[in-house]
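Open the structure in your viewer and keep the selection tool at hand. The stops below are meant to be taken in order.

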Amino acid sequence: MKSTTWGSVSEISTPDLSVFRPQKPNGGAVLIIPGGGYRSISVQGEGYSSAKWLNERGYTAFVLTYRLPGEGWGDGPKVAIEDAQRALRLIRADAASYGIDKNRVGVLGFSAGGHLAGLVATRFAESFYQPIDKVDTLSDRPDWVALIYPVISLEPPFTKTSTHRQMVGRGTLATEAQWSVQTGVNTRMPPVFLVHAVDDPIANIGHSEIMEAACKRAKVPVDFVRLPTGGHGFAMGRPGTASITWSKSFEQWLKRNDNTAVSMAASSNVAAPAAGATGGRDR
């Protein structure tokens, strides 16, 4: 694995989960999927920062380091969703040991990680890998999903993102549709929370608008927080922009959609992370 000084990783040989346990658990769990355009993974800026925020509210957080499609894997664009599906099943398999409710496992994704989280939330009925063990008999459907400045569509005119290049390259219109999140929206999906800034220069706010419209057509509960400023990559909020407020809306949304009151734990007592393998297949 290759790491940068700003907290991103690439050259992932084995997928991994970093587990953050709260001092005062509320029984909920969140799989966090950081972004990075499928070229790298922002484990520090988007992963660990959101895990700390979730720990402060009682959630056990799991930051996923997933394989990247452009790094020579035989399964190509499928490897990331394979790892995310396996991670959800492993969290549920170990629910008792973590003190979590296996029916309260949400997914939080940022940017390209929002694309991957969207795929997980819509394609849970599809088998992307052959079962490995009994863990793979468990559900890979999240109980809710939050997509933060996500890449949603790979179809024209949204063909200039790194997500598009890494997932489909010079793919056909059919391939672009296949790997676009909105084409998989269905009535069995979990509730969706969207956050996007109008001034995002990387992933146009149109991505979240497309997702909101698709959810409404399918009668999937969806909440969309539009921010006037924030740009891209603001994680839990960029000071001096409207993005600093989105987590408050998210906290209120969780209270309505996670079937529990969000418990507040002292931030000074947040536990340090411990790493554990997801059980994904090696190269």
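Predicted model: local features only at pLDDT ≥ 70, side-chain atom pairs only at ≥ 80, totals over all residues.

**Stop 1: the largest pocket**

Select Gly36, Gly37, Arg39, Ser111 and His232, the lining residues nearest the centre of the largest pocket.

**Stop 2: Tyr38**

Now select Tyr38, in the loop that runs between β4 (29–33) and α1 (43–56). Its phi is near 60°, a positive value in a residue that is not glycine. Most residues other than glycine have a negative phi. Is Tyr38 buried or exposed? Tyr38 has a relative accessible area of 1%, so it counts as buried, the cut-off being under 20%.

**Stop 3: Glu11**

For another positive phi in a non-glycine residue, go to Glu11, where the value is near 50°. Glu11 sits in the loop between β2 (9–10) and β3 (16–20). Its relative accessibility is 46%, so Glu11 is classed as partly exposed.

**Stop 4: helices α2 and α4**

Show residues 79–93 as α2 and residues 112–122 as α4. Two packed helices are described by the angle between their axes and the distance between the axes. For α2 and α4 the angle is about 60° and the axes are 10 Å apart. The crossing of α2 past α4 is right-handed. To see the contact, display the side chains of Ala80, Ile81, Ala84 and Leu88 on α2, together with Leu116, Leu119 and Val120 on α4. By class, this contact has 7 nonpolar residues, with no polar and no charged ones.

**Stop 5: Val135**

Move on to Val135, in the loop between α4 and β7 (144–148). With a relative accessibility of 16%, Val135 falls under the 20% limit and therefore counts as buried. Which residues does Val135 touch, apart from neighbours within four places in sequence? The contacts are Arg86, Arg89, Leu90 and Ala93. Draw a C-alpha to C-alpha distance from Val135 to Arg86: the two are 8.2 Å apart in space, and 49 residues apart in sequence.

**Stop 6: Pro156 and Pro157**

Finish at Pro157, in the loop between β7 and α5 (162–167). Check the peptide bond leading from Pro156 to Pro157: it is cis, with omega near 10°. Most peptide bonds are trans.

Conventions
Residues numbered from 1 in each chain as written. Heavy atoms only, no water. 1 Å grid on protein atoms, 1.4 Å probe; cavity = no way out; pocket = protein on both sides within 12 Å on 5 of 7 lines; lining within 4 Å. Axes fitted to C-alpha atoms, helices over the stretch in contact; angles between N-to-C directions. Helix = DSSP H or I, 4+ residues; strand = E, 2+ residues; numbered from the N terminus. Left-handed = near helix turned anticlockwise from the far one by under 90°. Contact = heavy atoms within 4.5 Å. Nonpolar A, V, L, I, M, F, W, Y, C, P; charged D, E, K, R; others polar. Buried < 20%, exposed > 50% of the residue type's maximum accessible area, 1.4 Å probe, protein only.
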